[in-house]
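Biologist: Could you take me through this structure? I would like to begin with the annotated domain and then move on to other parts.

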Amino acid sequence: MRTVDEQLERILATAVRPAPVRVAISDAHGLRCAEEVVSSRPLPGFDQAAIDGYAVRSVDLAGASVSEPASLPVVGEIPAGSRQPLRLQPGQAVRVAAGAPLPTLADAVVPVANTDAGTARLDVHQGVPSAAFVRRIGEDVQPGDVAVRRDTVIGAAQVAMLAAAGREKVLVHPKPRVSVISVGDELVELARTPGAGQIADVCSHALTAAAREAGADTARAGLVRGDAREVCTAMQDRLPFSDVIVVCGAVGGAAGAEIQSALVGLGDLDTTRVAMHPGSTQAFGRLGPDAVPTFLFPAYPATALLLFEVMVRPLVRLALGRTDPYRRMITARLTSPVTSMKGRRGYVRGRLLREQATGDYLVQPLGTSGTHLLSSIGEANGLIVLPEDLTEATVDEEVTVAFLPAPH
């Protein structure tokens with residue numbers, strides 16, 4: 001058997017970030033910037049009022065107080081968006097709106113609260129220092145400043161900076177495209193009631209959701225009969241549109257061997273047993289002209305989801321540009337015993353808790369009566385990882401748990 005780490009090393013060596021594409025900044029949210037974006041213009045683009053008030057020369061307000069206000073004529077008004085230049089003379093005031101350009105010679109804005117709000121003549125009860133309530137040209141961003149750095153994840157703040165820098169589009173690394181295919185003569189779509197010997201297709205829906213949670217763009221390719229020729233055709237249809245392909249139901253048994261033999265014609269496919277439990281039987285390879293990483297998993301949904309978590313998710317995260325593709329690992333004490341197969345790395349779903357008195361982590365194993373059971377997965381927020389040399393862990397024994405936060 002190949003170890004889990006050996007299998008992961010082979011898988012992660014194939015990680016490739018999708019080629020950058022240029023998109024509208026409104027579509028760039030959540031993607032990594034693929035260029036160094038430099039501002040071509042200052043922000044703000046002109047000296048402007050930061051609040052509603054009166055543009056003045058601060059020197060004209062020296063000594064102003066409630067008992068001895070500075071009295072200035074109001075010689076005009078400048079609304080936000082005005083394009084008419086206005087020159088302020090010494091000893092004058094101009095009414096300005098927030099965002100309005102300052103008149104020439106004005107170096108400060110007096111808040112309305114500091115005045116009698118006069119329209120023809122203004123009494124100022126408290127002076128302001130130079131530059132008060134003024135946004136100077138380029139004080140936020142200067143031409144040539146980096147607005148968004150390469151490899152930054154673009155969030156709302158970065159979209160704001162791109163817009164301020166005058167960019168309508170930006171070069172980004174797109175999400176990797178993951179296609180999911182379910183294989184099996186026994187499978188039926190969810191809209192149909194399964195008949196005798198038939199099973200609703202759970203796997204493709206679950207794995208598509210898991211790929212989306214990992215950060216991928218997803219395509220559920222649907223059901224394919226367990227016929228080698230049909231599976232090859234379905235694969236050839238998806239290869240040009242995929243960066244990763246996950247097939248469930250194409251390993252194990254004579255039917256699985258026939259499918260794998262046919263798929264070898266599309267590229268390099270390695271069927272192996274991995275020293276892990278559950279999910280030891282699996283296949284991985286690179287198929288098609290573009291050598292697309294392709295996974296073949298068993299048909300059991302719980303096992304397929306576990307294999308996606310352990311094997312596929314780290315590959316997707318690397319393709320997204322994450323330097324650490326793994327989940328956060330936590331040390332926790334068991335609330336009930338667990339067992340594992342000797343020589344294999346064990347994975348058990350669990351629920352992480354905090355002990356009130358100490359704040360220590362506890363973990364409650366779930367679904368220990370059967371690794372194929374789905375019912376406990378929804379309650380799990382952790383994956384207990386048991387080393388290969390461990391066969392049993394008792395209550396209060398410390399174990400390593402991969403934290404599985406709720407999707408958001």
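Modeller: The answers below concern a predicted model.

Biologist: Which residues does the "domain: MoaB/Mog" annotation cover?

Modeller: According to the unreviewed UniProt entry, that annotation covers residues 179–318. The span is 37% helix and 31% strand, and its end C-alpha atoms lie 17 Å apart.

Biologist: Where is Arg-220 found?

Modeller: Arg-220 belongs to strand E16, which comprises residues 217–224.

Biologist: Why is Arg-220 classed as partly exposed?

Modeller: Its relative accessible area is 29%.

Biologist: How far is Arg-220 from Val-246, C-alpha to C-alpha?

Modeller: The separation is 9.8 Å, with the two residues 26 apart along the chain. Val-246 is among the residues with the most contacts inside the largest nonpolar core, together with Phe-295 and Met-311.

Biologist: How many residues has that largest core, and which element gives the largest share?

Modeller: The core has 39 residues. Helix H6 (301–319) is one of the elements that give two or more residues to it, and H6 provides the largest share, 11 residues. Other contributors include helix H1 (4–12), helix H3 (203–214) and strand E21 (292–297).

Biologist: What is Phe-295 in contact with?

Modeller: Beyond its neighbours within four places in sequence, the contacts of Phe-295 include Ile-11, Val-246, Phe-284, Met-311 and Leu-315. There is also a second, separate core of 21 residues, which includes Ala-234, Met-235, Ala-250 and Leu-263.

Biologist: Changing topic: in what order do the strands of the five-stranded open sheet come?

Modeller: The order is E8-E5-E7-E6-E9, with mixed pairing. Strands E8 (108–111) and E9 (121–124) each have a single partner strand, so one side of each is left without a neighbour in the sheet. On average, neighbouring strands are turned by 45° against each other, direction ignored.

Biologist: Do strands E6 and E7 run parallel or antiparallel, and how many bridges join them?

Modeller: E6 (residues 70–78) and E7 (residues 93–96) run parallel and are joined by three bridges. Arg-95 in E7 is the bridge partner of Glu-77.

How values were computed:
Residues numbered from 1 in each chain as written. Predicted model: local features only at pLDDT ≥ 70, side-chain atom pairs only at ≥ 80, totals over all residues. Heavy atoms only, no water. UniProt positions renumbered as here; feature names shortened; annotations may be inferred. Helix = DSSP H or I, 4+ residues; strand = E, 2+ residues; numbered from the N terminus. Buried < 20%, exposed > 50% of the residue type's maximum accessible area, 1.4 Å probe, protein only. Pairing = 2+ DSSP bridges. Axes fitted to C-alpha atoms, helices over the stretch in contact; angles between N-to-C directions. Core = buried A, V, L, I, M, F, W, Y, C linked by side-chain atoms within 4.5 Å. Contact = heavy atoms within 4.5 Å.
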